[in-house]
Amino acid sequence: MDSLKLYDKRDIRFETADKPRIENSKDVLVKIKACGICGSDISRYRKLGAHSPGEIWGHEFSGVVESIGNEVTELSVGDHVAGVPALIDEDDYYYKSGRPAQADSLNAIGAKSPGGFAEYIVLDEKNLVKVPKELDFEAAAMVEPSTVVLHGFYHSSINVGDSVVVLGAGGTIGMFAVQWAKIFGASKVIAVDIDNEKLEITKQIGADFTINSLNEDTLQLISEYTNGINADLVIEAAGSPATSSTAFGYARKGGKVLFLGIPYADITIERFYFEKIMRSELTVKGSWSCVSAPFPGKEWPNTVHFMNNGKLNTEKMITHKVSLSEGPEMFEKLMERNELIGKVIMYPEK
């Protein structure tokens with residue numbers, strides 16, 4: 001079968017791989033219809049290289065069940081599914097304690113086991129979520145990044161009527177954060193990014209105000225847009241040193257800061273921003289992965305529900321649709337950034 005394998009930094013190859021087979025009674029063979037490039041994939045491609053050189057990469061995908069093991073009970077041949085990439089040892093202390101996202105054994109497909117950049121994948125049935133057939137495969141491939149955001153929102157204690165700032169709003173995580181904030185009842189969502197074209201998209205999917213932090217005074221504008229109080233909830237969705245180090249400055253006294261972005265560099269925080277944690281008595285929350293108990297958690301059916309009823313708009317987030325064979329070229333385009341690139345969806349050749 002066709003696949004994309006990561007070997008090193010900026011070394012991804014379109015190669016043939018063996019088609020996986022059902023080996024265990026709970027295994028499910030899925031014919032992959034669409035797979036997405038995650039922001040973490042881009043950072044790993046640029047900076048870190050492969051977990052396991054030569055492994056099939058990718059962890060966001062959707063597809064159709066082609067065959068099942070003899071003890072599979074929740075899925076049938078022909079079902080449409082989205083992939084849950086989290087692989088966890090069920091004997092793990094945190095898994096057994098109902099906190100799978102904190103599990104020491106937590107891993108993901110595409111790291112040390114075959115991922116979703118391929119024509120087929122085999123996973124245990126618990127790692128697949130059935131989706132309605134009327135939900136298109138592109139949206140279903142984006143269920144996973146949405147669950148990452150929703151998992152964080154469940155940590156945030158957001159209230160109806162809250163004002164929310166989303167830093168790094170132009171990325172996939174940021175755009176889902178804008179939309180989930182509205183679903184949770186935010187009265188005002190302020191999207192902050194450095195790309196005007198992406199900020200325009202955030203307006204189309206729910207942002208009430210936008211700020212380009214490259215050429216606008218973010219502190220001043222957030223204060224203006226919140227009547228001098230600042231935001232009830234600030235969401236860091238980029239993982240960049242700049243946004244991670246300034247997020248505390250945008251929250252109101254007694255407000256909350258939620259970190260969703262994965263940092264790939266050291267963070268240095270100026271005293272002005274750090275003291276906000278204490279002086280404003282902030283609640284600071286971190287969020288990791290996309291699963292909760294009972295596995296894979298309510299994040300998954302709730303995301304599917306809100307995608308299927310149109311409250312989560314994925315269509316406006318997708319800017320590129322390419323074949324799997326075009327993957328290496330697409331990753332290099334992501335390095336160059338000479339054009340607007342939002343969510344990239346890839347399709348297996350056959």
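Close-up 1. Lys 126 is partly exposed, with a relative accessible area of 28%; here buried means under 20% relative accessible area, exposed over 50%, and partly exposed in between (1.4 Å probe, protein chains only). The term salt bridge stands for a side-chain nitrogen of Lys or Arg within 4 Å of a carboxyl oxygen of Asp or Glu. Side chains of opposite charge can pair when their charged atoms come close. You are looking at a predicted model, in which local features need pLDDT of at least 70, side-chain atom pairs count only at pLDDT 80 or more, and totals for chains, interfaces and linings use all residues. Residues are numbered from 1 along each chain as its sequence is written, and side-chain values use heavy atoms, leaving out hydrogens and water.

Close-up 2. Lys 203 and Glu 200 form a salt bridge whose closest N and O atoms are 3.9 Å apart. Being three residues apart in helix H6 (residues 196-204), they are separated by about one helical turn. Helices (H or I, at least four residues) and strands (E, at least two) are DSSP runs, numbered from the N terminus. Lys 203 is partly exposed at 44% relative accessibility, and Glu 200 is partly exposed at 39%. Elsewhere, salt bridges that share partners join Glu 90, Asp 124 and Lys 126 into one network.

**Close-up 3. Glu 332 meets Arg 10.** In this salt bridge the closest N and O atoms are 2.6 Å apart. Glu 332 lies in helix H11 (residues 327-336) and Arg 10 in the loop between strands S1 (2-8) and S2 (11-16), so the pair ties together parts that are 322 residues apart in sequence. The structure holds 16 salt bridges.

**Close-up 4. Strand S11 and its neighbours.** Five of the five residues of S11 (residues 163-167) are buried, so this strand is largely enclosed by the rest of the structure. Ser 163, Val 165 and Leu 167 point one way, while Val 164 and Val 166 point the other way. S11 runs parallel to S12 (residues 188-193), joined by five bridges; two strands pair if DSSP finds at least two bridges between them. On another pairing, four bridges link S11 in the parallel sense to S14 (residues 231-236), with Leu 167 opposite Glu 236.
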